[in-house]
Amino acid sequence: MFEQGEKKMSDHLDLVIITGMSGAGKTVAIQSFEDLGYFCIDNMPPNLIPKFWELIKESGKITKIALVVDLRSRSFFEEIQAMLVEIENTAFINTRVLFLDASDSELVSRYKETRRTHPLAMDGLITEGIRKERAVLEELKADASIVIDTTELSPRQLREKINEEFRSSTDTGFRIEMVSFGYKYGLPIDADIVMDVRFLPNPHYIAELRPLTGLEEPVYDYVMGFSSTENFYQQFLSLLQSILPGYVEEGKSNLLVAIGCTGGQHRSVALTQRIGEALAQDYKVNITHRDKAKRKETVNRS
């Protein structure tokens with residue numbers, strides 16, 4: 001399945017197999033791994049993993065993978081055991097099995113609350129389905145790298161425990177999305193923090209700057225050349241730097257900061273770029289300029 005002589009996808013690959021009792025929190029777990037930057041697949045039948053692995057090798061870019069494999073796959077037990085043995089013989093893959101468990105009474109309560117049917121409760125008795133599942137998973141639980149009992153855990157507490165176990169020393173699991181936009185095109189509906197910079201001098205009224213964007217030096221220098229811009233930059237950056245640790249401590253996985261001007265082409269673009277680059281010294285930052293090309297598209301269509 002994993003011939004080392006073929007094209008190598010990476011010098012090191014982290015693979016997490018997420019499994020455990022149905023209803024014990026695998027959905028919350030896979031969401032947590034997504035926030036940690038893992039490539040995630042839910043409900044992966046073991047017999048499809050060889051084909052999936054070929055696709056991963058062809059990409060050559062993925063270094064962290066989390067797979068949820070559970071009893072929704074009918075031939076689950078024998079196939080996952082064979083898969084794990086083969087993976088363990090592949091030197092550059094670091095494999096861990098996360099097993100999620102909960103007490104029988106808590107699992108029954110969760111099933112009754114959601115009104116779902118247990119995958120092994122063919123006769124409709126949840127307790128019988130749980131009993132069968134425990135018997136099938138007993139050996140796998142004994143061999144798991146990490147076992148988390150979610151009986152007394154809230155979804156947030158489960159996320160925190162997963163972060164503690166799987167977050168790398170250099171990865172806070174927190175990401176900042178910096179977005180520039182134009183008010184004439186509407187606010188980003190998913191923004192957490194919105195800042196209006198329409199009070200700054202507008203390059204739109206200077207003919208030679210109008211067709212350019214805030215990413216180009218003449219516009220950038222013009223916008224940053226005013227004391228009002230510098231004062232705003234220093235104060236807003238200081239505000240963000242003072243509150244971001246609180247978001248990290250609270251367990252928020254990402255924060256979207258939107259900066260807007262009239263058309264989203266000049267002032268907001270320049271400031272979003274500068275602030276994003278400053279924050280990138282301490283955090284993972286993705287910078288997007290949502291509307292910077294819209295005016296050019298409108299001109300071209302006309």
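Me: Hi! What sort of model is this, and how are the residues numbered?
Reply: It is a predicted model, in which local features need pLDDT of at least 70, side-chain atom pairs count only at pLDDT 80 or more, and totals for chains, interfaces and linings use all residues. Residues are numbered from 1 along each chain as its sequence is written, and side-chain values use heavy atoms, with hydrogens and water left out.

Me: Thanks. How many helices and strands are in the protein?
Reply: The protein has ten helices and nine strands. Those are DSSP runs numbered from the N terminus: helices are H or I with at least four residues, strands are E with at least two.

Me: And how much of the protein counts as buried?
Reply: Of its 302 residues, 45% do. Buried means under 20% relative accessible area, exposed means over 50%, and partly exposed lies in between, using a 1.4 Å probe and protein chains only.

Me: What about the accessible surface?
Reply: The accessible surface comes to about 15,700 Å², and 49% of that belongs to carbon and sulfur atoms. Accessible areas come from the Shrake-Rupley method with a 1.4 Å probe, and for residues only the protein chains shown count as cover.

Me: How far apart in sequence are the residues that contacts join?
Reply: Taking contacts between residues at least 6 apart in sequence, 79% join residues at least 24 apart. Contact here means heavy atoms within 4.5 Å.

Me: Switching topic: at what angle do H4 and H5 pack?
Reply: Helix H4 (residues 104–114) and helix H5 (residues 126–143) pack at about 130 degrees, and their axes are 10 Å apart. Axes are lines fitted to C-alpha atoms, for helices over the stretch in contact, and angles run from 0 to 180 degrees between N-to-C directions.

Me: What do you call that arrangement of H4 and H5?
Reply: H4 and H5 are oblique to each other. Angles under 35 degrees count as roughly parallel, over 145 as roughly antiparallel, 65 to 115 as roughly perpendicular, and the rest as oblique.

Me: Which residues meet there?
Reply: From H4, Asp104, Leu107, Val108, Tyr111 and Lys112 meet Ile126, Thr127, Ile130 and Arg134 of H5. By class, this contact has five nonpolar, one polar and three charged residues. Ala, Val, Leu, Ile, Met, Phe, Trp, Tyr, Cys and Pro count as nonpolar, Asp, Glu, Lys and Arg as charged, and the others, Gly among them, as polar.

Me: OK, now leucine 271. Where is it found?
Reply: Leucine 271 lies in helix H9 (residues 267–279). It is buried, with a relative accessible area of 0%.

Me: What does leucine 271 touch?
Reply: Not counting residues up to four places away in sequence, leucine 271 touches Val197, Leu200, Met224, Thr229, Phe232, Tyr233 and Ile259. Its C-alpha is 8.3 Å from that of serine 180, which is 91 residues away along the chain.

Me: How do H8 and H9 cross?
Reply: The axes of helix H8 (residues 227–250) and H9 come within 11 Å and cross at roughly 40 degrees. That makes H8 oblique to H9.

Me: And how do H7 and H9 cross?
Reply: Their axes come within 9 Å and cross at roughly 85 degrees, so H7 and H9 are roughly perpendicular to each other. Tyr220, Val223 and Met224 of H7 make the contact with Arg267, Ala270, Leu271 and Arg274 of H9. These residues divide into five nonpolar, no polar and two charged.

Me: Last one: is glycine 260 buried or exposed?
Reply: Glycine 260, in strand E8 (residues 254–261), counts as buried at 0% relative accessibility. Beyond its neighbours within four places in sequence, glycine 260 is in contact with residues including Phe181, Tyr183 and Ser268.
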